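Here is a briefing on contacts and pairings. Please look over the sequence and the model before reading on.

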Number of protein chains: 2
Amino acid sequence: MRQAGELGLIRLVRRMAGAEPAPGVLTGIGDDTAVLALTPGASLLATTDLLIEDVHFRRAWASPGDIGWKALAVNLSDVAAMGGIPRFALVALALPGVATIEEAAEFFQGFAALAHAHGVALVGGDTSSSPDGWMVNVTVLGEHAGRPRLRAHARPGQLVAVTGSLGRSAAGLRLLEGCRPAAGLPDDADAELVAAHLRPRPRVAEGQWLGAATGIQAMMDLSDGLATDLGHICAESSVGADVWIDRLPIAAATRAAAAAIGGDPVRWAAGGGEDYELLVTLDAAAAPAVARDLAAATGTALTVVGQIRSGREVAFLDAHGQSVAMGAGYEHFRD
Amino acid sequence: MRQAGELGLIRLVRRMAGAEPAPGVLTGIGDDTAVLALTPGASLLATTDLLIEDVHFRRAWASPGDIGWKALAVNLSDVAAMGGIPRFALVALALPGVATIEEAAEFFQGFAALAHAHGVALVGGDTSSSPDGWMVNVTVLGEHAGRPRLRAHARPGQLVAVTGSLGRSAAGLRLLEGCRPAAGLPDDADAELVAAHLRPRPRVAEGQWLGAATGIQAMMDLSDGLATDLGHICAESSVGADVWIDRLPIAAATRAAAAAIGGDPVRWAAGGGEDYELLVTLDAAAAPAVARDLAAATGTALTVVGQIRSGREVAFLDAHGQSVAMGAGYEHFRD
């Protein structure tokens, strides 16, 4: 970055933001703040996430484009979990001196690829040098015309369900850590799992559909793993939950990777984290119709994996109803 | 942080956000996103800033509380520069393993002291471990009921004016770097300058007043120094500017520090940066009344320091009308 300098980077960001003002952008990048217009009557949604090299990703396997994509994806997933519509993004990027303007451009290309897919406008940001590795903070602003689905809405008797499949991101991370490919794993399985980890696809359309569906109660996204995140719903709702481990939706590629490298796909699904699927609780009577209609509307499966009950803890039960210990999800500052 | 852990840090943040929901906060910290209500009809303002240890501050002299204060202050200053009302803040904080939960609490106390003073609610955030130093990203959301003052509104013939005084932050930084106190500098001058650097007071009330005043045209905040920031206004407005260096408002404490440690107070004022004063262009006929009425309304002086003209560059002129070279402000990635 020393050659291009901060002004070169700022020019790059402005170019990436596009010449045409996006809908709702009264003033975009280039002034002291963005000036934005929400849909009248809508609530404002706001979320922010920090991604740091060697904590959240490694440059050995995450390209600048992957980092840009994922930094936005994790925030879009939060908006999806409220049933909201993402509208605007602000990006703060700190780069070490050895980073190049080409790498910065790749970062914003990865970011823009996902932003365009969801109609999200880049409206502001900050750039800085970093003494060490890459750091990126993304804030996403969205809107919601109705009542967001909160974590505190779980009640005993409701079912627990997840979109898509669980454990692909954990499997992809293991492959990346082991310098893929794994012997015996088909190329397309490898690619599917690695992409699930590096370029997760936030369930924005699914979140909006589920957020408007009758019978859906609590909703959140799966970033830290089912064990941890369902624990958050239970804590906010003062309930407990049983998860039936043989119901966990696990993709064929995940099972193939587990077989190839000797992992446990159930543990990846229950504790792996970073799947960015949606986790919901819903009225039992509504579950069959919701699953059928979500699949028809979005092509995404919804799988019932457990049930809310009284108590406080999350239990993972095998086919015999026996409790199985599952690792918790990622927690920062743990030794 | 290893003892308290991430959950301890999150609990701390929730406690700092307060038990009582602030006005406009429909859902605060603890769900996937904040859910917020703006004043009907108002535009949304959004700005984000990243502060990194050993780039933006040094732990040798910036306490955790100073860092928390300043991380919010720089964003409030951006909202002030639009003439807006700050409402909500999101904070992402990454801490090295050696940081303590007490230091994190001090960070949020510094943040909260300034937030409370401006009625800003902490509504969301993120926490992470850091492989190295402290990193903090703050996003502030505000609102504006009318037409924000943009950088592109400067026209030849308008005067250039600044609030308060310039160079105090640069003087304070020199004192901190030299392990104050400087011989011959009164204690209260030292304290004033160091506070100006570590705990700048964003001109929020002044920005709202100026943003609504007749005759004010372009407005921005002074973060990178007058030379650089006036250059931004000139670039956005396709104009040039003359600055009369003997008109620059320089506090007695700044001059005393310059005398004590051998610096040039004019260079600190013109190029030092981080003063977080407001820089405006205004119609010449309106200037006397605006300055008088701003002082009456807020207690803050507005000083005319130059004039917009045709051309593109910013010139600093001495009492004889001779151009004087002034260092530009801080730029990242410069060798």
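This is a predicted model: local features need pLDDT of at least 70, side-chain atom pairs count only at pLDDT 80 or more; totals for chains, interfaces and linings use all residues.

Residues are numbered from 1 along each chain as its sequence is written, chains are lettered from A and ligands numbered from 1 in the order in which they are written, and side-chain values use heavy atoms, with hydrogens and water left out.

Chain A and chain B bury about 5200 Å² between them. Four salt bridges cross their interface. Over all chains, the salt bridges number 28.

**The interface of chain A and chain B**

- Chain A gives 63 residues to the contact, and chain B gives 63 residues. Contact means heavy atoms within 4.5 Å.
- Of the area buried between the two chains, 60% is on carbon and sulfur atoms. Buried area is the accessible area (1.4 Å probe) that two parts lose on being put together, summed over both.
- Between the chains, 15 residue pairs are in polar contact, both residues at pLDDT 80 or more. A polar contact is a pair of N or O atoms within 3.5 Å; within protein, one must be able to donate a hydrogen and the other to accept it, and residues adjacent in sequence count only if both atoms are side-chain atoms.
- Strand β3 (residues 43–52) of chain A supplies nine residues, the largest share of the side of chain A that touches chain B. Helices (H or I, at least four residues) and strands (E, at least two) are DSSP runs, numbered from the N terminus.
- That side of chain A has 31 nonpolar, 16 polar and 16 charged residues. Ala, Val, Leu, Ile, Met, Phe, Trp, Tyr, Cys and Pro count as nonpolar, Asp, Glu, Lys and Arg as charged, and the others, Gly among them, as polar.
- β3(A) runs antiparallel to strand β2 (residues 34–36) of chain B, joined by three bridges. Two strands pair if DSSP finds at least two bridges between them.
- Leu45(A) has Val35(B) as its bridge partner in β2(B).

- Asp31(B) sits in the loop between β1 (25–27) and β2 of chain B.
- Asp31(B) is buried, at 14% relative accessibility. Buried means under 20% relative accessible area, exposed over 50%, partly exposed in between (1.4 Å probe, protein chains only).
- Its side chain forms a salt bridge with that of Arg151(A), at 3.9 Å, N to O. A salt bridge is a side-chain nitrogen of Lys or Arg within 4 Å of a carboxyl oxygen of Asp or Glu.
- A polar atom of the Asp31(B) side chain also lies 2.9 Å from the backbone nitrogen of Arg151(A).
- Leaving out residues up to four places away in sequence, Asp31(B) touches Met82(A), Arg149(A), Leu150(A), Arg151(A) and Met219(A).

**Salt bridges within a chain**

- Side chains of opposite charge can pair when their charged atoms come close.
- Asp54(A) and Arg58(A) form a salt bridge at 3.3 Å, N to O. Asp54(A) is partly exposed at 42% relative accessible area, and Arg58(A) is partly exposed at 39%.
- Arg168(B) and Glu192(B) form a salt bridge, with their closest N and O atoms 3.3 Å apart. Arg168(B) lies in helix α4 (residues 168–177) and Glu192(B) in helix α5 (residues 187–198) of chain B, so the pair ties together parts 24 residues apart in sequence.
- Arg168(B) is partly exposed at 23% relative accessibility, as is Glu192(B) at 30%.

**Strand β9 of chain B**

- Arg309(B) and Asp242(B) form a salt bridge at 2.8 Å, N to O. Arg309(B) is in strand β11 (residues 302–309) and Asp242(B) in strand β9 (residues 240–244) of chain B, so the pair ties together parts 67 residues apart in sequence.
- Asp242(B) is buried, with a relative accessible area of 18%.
- β9(B) is largely enclosed by the rest of the structure, because four of its five residues are buried.
- β9(B) and β11(B) run antiparallel, joined by four bridges. In β11(B), Asp242(B) has Gln307(B) as its bridge partner.
- β9(B) also pairs in the parallel sense with strand β12 (residues 314–317) of chain B, over four bridges. There, Asp242(B) stands opposite Ala315(B).

**Gly207(A)**

- Gly207(A) lies in helix α6 (residues 204–212) of chain A. Gly207(A) is buried, at 0% relative accessible area.
- Gly207(A) touches Ala80(A), Gly83(A), Met219(A) and Leu278(A), not counting residues up to four places away in sequence.
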